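Let's take a friendly walk through a protein model, looking at a few of the ways its parts meet. Have the picture open as you read.

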Amino acid sequence: MKRLFALLSLSMAALCAQAAPPAHATHASLDARLASLHQASRLPGFAVAVVSDKDVLYQRGFGYADLQARRPYTVDTVQNVGSVSKTVIGVALVKAIELGYFGLDTEIDSILPFKVRHPHTGLPITVRHLVTHTSGILDDDEVYGHSYIVLPGSGQTSPLREQFARTFTVPGRADPGLGAFLKDYLAVGGRHYKPGNFAKPAPGSAYHYSNIGSALAAYLVELRSGERFDEFTRRTIFAPLQMRATSWRADPAHAGRQALAYNRRHQPYPPYALITYPDGGLTTSAADLTRFLMAMVKGYKGGEGVLSKAGFTLLFDPQFAPDALPAGSPAGEPNSGVFWRIRRNGQVGHTGSDPGVTAFMFIDPASSTGRLLITNTEFSGPGEEDDPKLVRQFREVWQTLGEVRGEVR
């Protein structure tokens, strides 16, 4: 998924296609092949990992986190991972359900301090509608784009600072907070409220990908837990999994490990944060995300950990029968768990994209493995088409990871 730039183009659908399983790879052969792919690509840097439920089968970084300083991109480099963040919302929501805060069929009006109804039908919106992108909530690009905030300082002057500020932020705007932004957009009388913020089909009947709807789901956890969502996830997910480099915006403590985010012309973006941070603001490293993914593979296989066995079943099981999919469901990933998208080939996970970043993370049930790939560049900028060369280069790296089917010798 791309956040503001719409969905990844159809040319990206093949990225998660299953590669044919060859003989076992070796660390040396994977290192050599991926290094060669990087050298032939325009990806500034990237990190990859393949895991089972018990082991890290392979992980490595390639290229540069900072091109000008020639600072290597390693598995400990931190960067934003875009909408891969939504997999964390999914785990947090199921944890909230386990704690008895609400259920998937709870109407959100029973939790929110302001009313949100589907304006075209008057029907209620439920938690299930939010987690499957069937609430009808739409992202107005003008309003949503201005939910990005340029942060001071980066250690490097960004030629894109003024352009980014014009495109994505309102000069001098402060962060009003997640709840205030959502009320302003979704509640009658809000500054940015309008019926056009909602699609016309009734909730539950049609698929409309929504970042704002995703952030709203996270806000429900915040309201019922009595904790900010970032603190709730730190306590219930990141700390138990020892994800010490993971946060919801760039942490000054990790400044020396932060990757610069580049456009496809290798110009760095200024550092930025998101008012609706749960929907795409996760900042993490490949090493930390590997710990998370390994726990998810274990849960997918019937284990438990940050969630119970029943919780993991709820997280990953399809929400729709194959013959009862919502109208407009994506052809490549027609079904959904709790924010975890289920692809037609059976893989379960999420993609992510934001200015200067791209990330993929999926579980492959056929091989009982998970793999991830994060890079500090984008395939397209605002109003641009995907760069086919970058898409192909990313695909080649992703498909090479698909060759890791078991123990890497």
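Let's begin in helix H2, where Lys95 and Glu98 both sit, three residues apart, which is about one turn of the helix. Their side chains meet in a salt bridge, with 3.7 Å from N to O. One thing to keep in mind as you look around: this is a predicted model.

Is Lys95 buried or exposed? Lys95 has a relative accessible area of 18%, so it counts as buried, because the cut-off for buried is under 20%.

**More charged pairs**

Side chains of opposite charge can pair when their charged atoms come close. How many salt bridges does the structure hold? There are 17 salt bridges in the structure.

| Salt bridge | N to O distance |
|---|---|
| Lys95 and Glu98 | 3.7 Å |
| Asp105 and Arg128 | 2.9 Å |
| Asp109 and Arg117 | 3.2 Å |

Take Asp105 and Arg128. Asp105 is in the loop between H2 and helix H3 (127–131), while Arg128 is in helix H3, so this pair ties together parts that are 23 residues apart in sequence. Asp105 is exposed, at 54% relative accessibility, and Arg128 is partly exposed, at 25% relative accessible area.

Now for Asp109 and Arg117. With a relative accessibility of 10%, Asp109 is buried, whereas Arg117 is partly exposed at 38%. Elsewhere, salt bridges with shared partners join Asp53, Lys54 and Lys301 into one network.

**Two helices side by side**

Back to helix H2, this time for its packing. Two packed helices are described by the angle between their axes and the distance between the axes. Helix H2 covers residues 85–98 and helix H7 covers residues 211–225; their axes come within 9 Å and cross at roughly 35°. The crossing of H2 and H7 is left-handed.

Which residues do the touching? On the H2 side you'll find Lys86, Ile89, Ala92, Leu93 and Ala96, and on the H7 side they meet Asn211, Ser214, Ala217, Ala218 and Val221. Sorted by class, this contact of H2 with H7 has seven nonpolar, two polar and one charged residues.

**Rings that pair up**

Last stop: the aromatic rings. A pair of them is described by the distance of the centres and the angle of the planes. A search of the whole structure turns up 18 aromatic pairs. In one of these, the rings of Phe312 and Phe316 have centres 6.1 Å apart and planes at 10°, so the pair is stacked. Both residues belong to helix H10 (residues 309–316), and they are four residues apart, about one turn of the helix. Phe312 and Phe316 are both buried.

Phe316 has another ring partner, Trp340, and this pair is edge-to-face, with 5.1 Å from centre to centre and 85° between the planes. Where do these two sit in the chain? Phe316 is in helix H10 and Trp340 is in the loop between strand S8 (335–336) and strand S9 (341–342), 24 residues apart, so to speak a link between distant parts of the chain. Phe316 and Trp340 are both buried.

To put the rings together, Phe292, Tyr300, Phe312, Phe316 and Trp340 form one aromatic cluster.

Methods
Residues numbered from 1 in each chain as written. Predicted model: local features only at pLDDT ≥ 70, side-chain atom pairs only at ≥ 80, totals over all residues. Heavy atoms only, no water. Axes fitted to C-alpha atoms, helices over the stretch in contact; angles between N-to-C directions. Left-handed = near helix turned anticlockwise from the far one by under 90°. Contact = heavy atoms within 4.5 Å. Nonpolar A, V, L, I, M, F, W, Y, C, P; charged D, E, K, R; others polar. Phe/Tyr/Trp six-rings, centres within 6.5 Å; stacked < 30°, edge-to-face > 60°. Buried < 20%, exposed > 50% of the residue type's maximum accessible area, 1.4 Å probe, protein only. Salt bridge = Lys/Arg side-chain N within 4 Å of Asp/Glu carboxyl O.
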